[in-house]
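Student: I would like to learn how to read a model like this one. Could you take me through it feature by feature?

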Amino acid sequence: MFDEMNAPDGGYRAPYERIAAWLAESGEGMLSQRQAEAEALFRRIGITFSVYGEGGDPERLIPFDLIPRVFGASEWRRVSQGVRQRARALNAFLWDVYHRGEILKAGVIPEALVYQNEAFLPEMVGFDPPGKVYSHVVGVDIVRTDATEFQVLEDNCRTPSGVSYMLENREIMMRMFPQLFAQAAIESIDEYPSMLKRTLQEVAPPACKGEPTIVVMTPGPLNSAYYEHSFLADLMGVELVEASDLFVADGRVWMRTTRGPQRVDVIYRRIDDAYIDPLSFRPDSLLGVQGLFSVYRAGGVTLCSAPGAGVADDKAIYIFVPEMIRFYLGEEPILKNVPTWRCAIDEEREHVLSKLEELVVKRVHGSGGYGMLIGPSASKKEIAAFRKKIIAHPDEYVAQPTLDLSTAPILAEGGIESRHVDFRPFCLVGKEVRLTPGGLTRVALTKGSLVVNSSQGGGVKDTWVLSD
Amino acid sequence: MLSRTAEHLFWMGRYIERADATARLVEMGRRMAMLPGASGEWRSVARASGAAGELGDDPKATADAIILRLLIEGENRSSIRSCMVQARANGRAIRTAITQDMWEALNDNWRKLESVTASQALTDLPSLLDWVRQRSAAFRGATETGLLRNDGFIFLRLGELIERTEMTLRLLDVKYYVLLPETDVVGGGRDFHQWTAVLRALSAQRAYHHVYRGDYTPWGIAEFLILNKIFPRSANFCYRSISAALDELAMDYGERHDCHDIADQMVERLSETDIQTLFQSGLHEFITNAVRTTNRLASEIAKAYYF
């Protein structure tokens with residue numbers, strides 16, 4: 001098992017030398033006290049996270065662990081290049097499948113996987129979004145399995161969340177341990193909001209002349225990521241709107257303001273495709289803005305991400321991302337995929353069914369760690385139940401080997417212990433591809449657990465990228 | 001700014017002010033009820049709040065029932081807890097329009113009141129009431145020193161002022177309508193304490209002395225609370241501030257609306273009249289009309305700014 005801090009020879013890995021010294025200087029008693037202070041700070045600021053369908057405290061706090069996860073400069077260079085490469089390829093793929101579908105014609109990806117995908121929107125065919133960008137914020141979930149190997153678990157092309165935790169975790173750490181930052185050379189992540197704003201400005205619609213008006217669109221305060229929506233709007237200095245604040249008239253989108261209607265050019269929407277426009281997508285929905293999609297298609301407004309971008313990030317398409325990179329960019333993938341078996345294919349399903357107790361099985365369209373089977377830690381009963389589900393709906397499942405995720409130190413009740421971590425950087429795609437040196441490190445707080453999702457008891461950490 | 005944002009700010013101002021005013025009202029009831037021979041005071045308090053009306057008319061309503069109704073009952077949309085919950089919900093819906101300090105003030109209020117039980121509320125009543133007033137002051141302080149002086153600030157302020165006007169008028173009405181003495185000069189003992197309780201509820205006791213330097217008289221107190229130009233909770237002061245705030249909006253937006261006229265007319269009326277005239281034509285009628293005008297003003301503001 002690879003540990004981020006402890007080297008096999010008993011010493012510390014180079015990027016963690018400063019952290020190790022700090023832990024030794026501070027002592028566990030002091031750290032535990034600071035941990036409690038950090039939690040109080042989070043609660044006071046009101047950074048909370050509610051989990052769909054779990055009931056209980058609607059404003060639960062994501063546990064924060066104060067020992068940072070560290071990338072050395074050269075490690076980061078590799079991850080960063082790999083993430084940018086992936087973000088470019090995913091956008092190229094989206095443009096292709098909504099136009100001529102060259103990659104399908106070339107037989108690289110089976111047509112059915114795209115055209116019969118729930119996330120594929122026929123309404124988007126033939127439309128050119130500004131800059132040919134579909135996914136403006138790409139969240140790539142990365143795990144590490146040894147000193148050199150980084151692997152991608154999944155891509156998030158729609159509206160990946162978590163970036164507010166990246167920013168707030170850093171803020172809290174800087175507030176609590178200023179001396180630590182003075183001594184270590186840590187890349188700054190402050191620029192993220194202005195980079196996001198620049199990205200959104202770059203994809204203004206053709207009808208917009210002059211400075212575009214940008215808004216962040218949220219489903220509202222009951223949404224689990226509402227804090228993040230308001231936080232980003234605030235940091236970019238733009239309005240946070242709900243569907244009821246917007247309306248369509250004269251071929252443009254407007255928001256209701258105290259001065260009357262004001263035009264809106266770019267919508268960074270944090271709502272699902274289905275709720276954008278009841279006229280186009282969900283006639284039964286009261287949510288959304290009537291006529292928004294037709295204004296979008298006519299070039300009167302830009303939606304970020306583009307409707308239909310989800311076809312690039314489901315787990316059946318994921319398998320082909322390395323091929324996409326070769327096909328569109330003519331490059332070798334820098335980050336590897338995790339080997340994945342598709343249960344829809346007979347031989348692969350047989351293999352999966354014969355090794356269920358070793359594999360991780362995921363739903364193709366699922367997210368958030370729900371409806372997942374982790375073979376090695378599942379009971380016989382759970383495995384049997386999953387076996388039935390897979391046989392009944394093979395198309396809906398894929399399986400991967402149980403990865404030995406790297407571990408990083410956390411402050412547990414009994415002192416400093418190792419727990420499994422993953423990492424989600426947020427790559428911005430406008431006219432340029434931008435990546436902040438950092439991201440969100442999630443950590444499985446339960447000993448031995450591999451599930452890092454905040455909805456399943458995972459926590460978060462500050463993530464440091466050391467400069468050269 | 002978004003109309004929805006303006007609306008939330010307006011109501012946030014109202015709810016915080018209402019929580020504060022309700023705490024003052026309960027404090028007034030507590031003081032009145034401590035006197036020997038007290039009987040109907042809590043019911044007058046219930047009536048004044050406007051949110052516990054039927055308890056006010058129920059001779060069997062206990063003091064505890066009325067206090068709990070005003071303090072923590074969730075079904076009462078104007079209880080202090082409901083006000084704090086709603087103010088926080090307003091704030092949460094427009095996190096970007098308020099400062100971190102304002103949010104923290106709202107969030108702290110909510111966290112404490114969320115867990116208060118009925119028996120705790122009754123046992124710790126005095127300190128709980130003090131706490132509510134301090135929290136409202138903390139919120140106002142955070143607003144005063146941190147919030148940009150743009151239209152958002154004005155909408156928040158309008159909400160506060162409208163609520164404050166209404167509460168002053170209501171308090172006064174209770175004293176007059178329910179407890180009006182027969183004599184010209186405020187009598188000793190109970191009557192004296194009831195009057196001073198009204199002033200105290202509005203933090204106006206000292207101020208009254210500074211201005212009048214004499215005895216408490218019903219006219220003196222009514223004049224002070226309705227017509228005085230420098231006492232910040234008087235109807236006149238509140239209306240002048242409302243009018244000034246609306247003028248600022250009109251300058252900023254380059255447009256005047258019906259709400260401007262309503263506010264100006266009220267200011268004119270309060271400036272021209274004197275307390276004798278008000279008494280002669282009926283103080284209770286005047287107050288009822290003023291409350292109605294204030295409600296109309298609130299809905300005209302909402303109409304003018306699209307919320």
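Tutor: Start with one residue, B:S203, which counts as partly exposed because it has 13 C-beta neighbours inside 10 Å. Keep in mind that this is a predicted model.

Student: Where is B:S203 placed in chain B?

Tutor: B:S203 sits in the loop that links helix 10 (189-201) to helix 11 (205-212) of chain B.

Student: What is the value of phi at B:S203?

Tutor: The general idea comes first: most residues other than glycine have a negative phi, and most peptide bonds are trans. Phi of B:S203 is near 50°, a positive value in a residue other than glycine. B:Y306 also has a positive phi, near 65°, and is not a glycine. B:Y306 lies in the segment that follows helix 16 (283-304) of chain B, and it is partly exposed, with 16 other C-beta atoms within 10 Å.

Student: Which peptide bond is cis, with omega near -5°?

Tutor: The bond from A:C304 to A:S305. A:S305 belongs to the loop between strand 10 (302-304) and helix 11 (315-318) of chain A.

Student: Which residues does A:F93 contact, leaving aside its neighbours within four places in sequence?

Tutor: They are A:I103, A:A312, A:M324 and A:Y328.

Student: Is A:L435 buried or exposed?

Tutor: A:L435 counts as buried because it has 22 C-beta neighbours inside 10 Å, and the cut-off for buried is 20 or more. A:L435 is in strand 19 (residues 433-435) of chain A. Apart from its neighbours within four places in sequence, A:L435 is in contact with A:S80, A:V83, A:R84, A:P425 and A:C427.

Student: How far apart are A:L435 and A:V321 in sequence and in space?

Tutor: They are 114 residues apart in sequence and 19 Å apart in space, C-alpha to C-alpha. Another pair to look at is A:W22 and A:I67, which are 45 residues apart along the chain, with their C-alpha atoms separated by 9.7 Å. A:W22 is found in helix 1 (residues 17-26) of chain A and is partly exposed, with 18 other C-beta atoms within 10 Å.

Student: How should I describe two helices that pack together?

Tutor: Two packed helices are described by the angle between their axes and the distance between the axes. For helix 1 and helix 5 of chain B, the axes come within 8 Å and cross at roughly 160°.

Student: Are helix 1 and helix 5 of chain B roughly parallel or roughly antiparallel?

Tutor: Angles over 145 degrees count as roughly antiparallel, and these two helices are therefore roughly antiparallel to each other. Helix 1 of chain B passes helix 5 of chain B in a left-handed crossing. Among the residues that make the contact are B:W11, B:Y15 and B:A19 of helix 1 of chain B and B:C83, B:M84 and B:A87 of helix 5 of chain B. By class, the residues of this contact divide into 11 nonpolar, five polar and one charged.

Student: What is the angle between helix 2 and helix 4 of chain B?

Tutor: The axes of helix 2 (residues 41-49) and helix 4 (residues 63-71) of chain B cross at roughly 25° and come within 9 Å. That makes the two helices roughly parallel. Their crossing is left-handed. Helix 2 of chain B makes the contact through B:W42, B:V45, B:A46 and B:S49, and helix 4 of chain B through B:A63, B:I66 and B:L70. Six of the residues in this contact are nonpolar, one is polar and none is charged.

Student: Last, how many residues of chain B are in contact with chain A?

Tutor: 16 residues of chain B are in contact with 16 residues of chain A. On the chain B side, helix 1 (3-33), helix 5 (80-93) and helix 6 (100-114) each supply at least two residues. That side has eight nonpolar, three polar and five charged residues.

How values were computed: Residues are numbered from 1 along each chain as its sequence is written. Chains are lettered from A and ligands numbered from 1 in the order in which they are written. This is a predicted model: local features need pLDDT of at least 70, side-chain atom pairs count only at pLDDT 80 or more; totals for chains, interfaces and linings use all residues. Two residues are in contact if their C-beta atoms, placed from the backbone, lie within 7 Å. Axes are lines fitted to C-alpha atoms, for helices over the stretch in contact, and angles run from 0 to 180 degrees between N-to-C directions. Helices (H or I, at least four residues) and strands (E, at least two) are DSSP runs, numbered from the N terminus. Angles under 35 degrees count as roughly parallel, over 145 as roughly antiparallel, 65 to 115 as roughly perpendicular and the rest as oblique. A crossing is left-handed if the near helix is turned anticlockwise from the far one by less than a right angle, and right-handed if clockwise. Ala, Val, Leu, Ile, Met, Phe, Trp, Tyr, Cys and Pro count as nonpolar, Asp, Glu, Lys and Arg as charged, and the others, Gly among them, as polar. A residue is buried if 20 or more other C-beta atoms lie within 10 Å of its own, exposed if 12 or fewer, and partly exposed in between; C-beta atoms are placed from the backbone.
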